[in-house]
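Keep the side chains in view as you read.

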Amino acid sequence: MAGSREQWNSKAGFILAAVGSAVGLGNMWRFSYLTAEGGGAAFVMLYIAFTLAVGLPVLLAELTLGRGSGKSPIQALAHFANAASASRAWSVLGAIFVAAGFLILAYYGVIAGWTLRYAGEAVLGFGPDTGALFGRISEGATAFVFHMVFMGLTISIVIGGVGAGIERVSLIAMPALFVLVIGIAGYAATLDGSGAGYAYYLNADLGNALTVPIFVDAAGQAFFSLSLGMGAMLTYASYLSRDDDLPAESAIIATADFGVAFLAGLMVFPLIFAFGLQDDVSGSTVGALFVALPKAFASMGDAGRVVGLLFFLALLVGALTSAISLLEVVVSAAMDGLGWGRVPAALVAGVSITALGAGAAWSTEVLGVMDSVANNLFLVGGGLGLAVFVGWVMPDPIGEARAGGQQGWLGLWLFLLRFAVPVALIFVLWNSVPSTWAQLVALFAG
Ligand code: TRP
């Protein structure tokens, strides 16, 4: 390989970029509608349990593979398979990651496009019929145009490279996002009637929650929100040097990611309940957030224009720093595997992904199926592959994870990776593959 690999300029730069990858539409759009669908606090508790027992171990596994190899996913797996004298076929898992990157970014860009459009609509002021607005902008040529604009932005940042593009944007964008989210949640607390929103969000009704579909959703969400199961965190960690404390950094990333999701709930539910719009959410479609929330902004008058704009800007910033991590997986694979330069890799990958997004821009039903396939099959399956590889195949995972840090809880980590994570994920796959497959068949059958 020619030249030396790009590196982050600082530890804070890496951490904010990784938090930027994690924090995105998943924390605000997806977390809110799944929480509403899953009955409020009970879903949140399951999601926390999955994040701790499954998400965090897989996150550390990805960081360990990336830093230890200094390579993008396909080569990273080949590197450690080789070191263990295991089959080179493990690198196929890396190829699946790249495919997942294509699939996820294609529809993610479409939702980010809606967000961009809504930031503009917020300034103009939302009308009363936000359902019709969502119907107009979420599908068809307009949706595709806004998706293209968003993808253009994403591509241009990735072309800037690791330090000058991704890191520089994250250092500014993430603190700005935190300020916005805290500010809006604080504002929501001042509204009359917000109490019902907190009650719904924070009071667990456990009897309702412990159903298999909600278990599956909580697992998928833990993976999606932490950007796990397709080598995004692995790729970011491949630009690290040896002296990073990976266990500590995993904990920081997971805490920040959960923190923003939790704050998103503290924005969304009080706002929606204060205006009596709960029925618009429990419709449980992907559009719930884009229908109920703008109605609340419309009822607030001029304040709604400002708060609405800030809300959708925060969502957009989160989406952008996540999208660049998705694109970077594909770009780094093309650079390492095909020897391409960064600029052609980013252009070819970015434009192909944009084109693939046409399907999701065409119909929200296609988008929903892409989201289910990506989460329930690719990410959960990818996470299972990663856990088995690091837990059972890779030589000395604890030594690799520990370098630069403390021994800490790494025995527990390995135990979880070997046993708890595979069992939980096989259970999830067992219960989600048939329904995801049925969704796919239904889509193609018309
Ligand atoms: N985690 C991001 C979010 O919550 C989305 C994301 C970025 C992602 N990179 C990923 C999801 C890699 C899965 C895999 O919005």
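A residue is called buried when its relative accessible area is under 20%, exposed when that value is over 50%, and partly exposed in between. The model is predicted.

Start with the aromatic rings. Tyr118 and Phe126 are both buried. The structure holds 31 aromatic pairs. In the pair of Tyr118 and Phe126, the ring centres lie 5.5 Å apart and the planes meet at 45°, so this pair is tilted. A pair of aromatic rings is described by the distance of the centres and the angle of the planes. Ring pairs also build a cluster. Its members are Phe31, Phe43, Tyr47, Tyr200, Tyr201, Phe258, Phe262, Phe269 and Phe273.

Turn next to a loop. Ser72 sits between helix H3 (41-69) and helix H4 (73-83). Is this serine, Ser72, buried or exposed? Its relative accessible area is 0%, so Ser72 is buried. Which residues does Ser72 touch, leaving aside those up to four places away in sequence? They are Arg5, Leu234, Ser332, Ala333 and Asp336. With Ser332 there is a polar contact: a polar side-chain atom of Ser72 lies 3.4 Å from the backbone oxygen of Ser332.

Now move to the surface. Trp392, Trp409, Leu412, Phe415 and Phe419 form a nonpolar patch there. Together they have about 620 Å² of accessible area. Helix H21 (residues 410-445) gives the most to this patch, with 3 residues. Phe415 lies in helix H21. Its relative accessibility is 46%, so Phe415 counts as partly exposed.

Technical notes: Residues numbered from 1 in each chain as written. Predicted model: local features only at pLDDT ≥ 70, side-chain atom pairs only at ≥ 80, totals over all residues. Heavy atoms only, no water. Patch = residues over 30% accessible without salt bridge, like charges linked within 9 Å, V, L, I, M, F, W, Y side chains within 5 Å. Areas by Shrake-Rupley, 256 points an atom, 1.4 Å probe, with all protein chains shown as cover. Salt bridge = Lys/Arg side-chain N within 4 Å of Asp/Glu carboxyl O. Helix = DSSP H or I, 4+ residues; strand = E, 2+ residues; numbered from the N terminus. Buried < 20%, exposed > 50% of the residue type's maximum accessible area, 1.4 Å probe, protein only. Polar contact = N/O pair within 3.5 Å; in protein donor to acceptor, adjacent residues only side chain to side chain. Contact = heavy atoms within 4.5 Å. Phe/Tyr/Trp six-rings, centres within 6.5 Å; stacked < 30°, edge-to-face > 60°.
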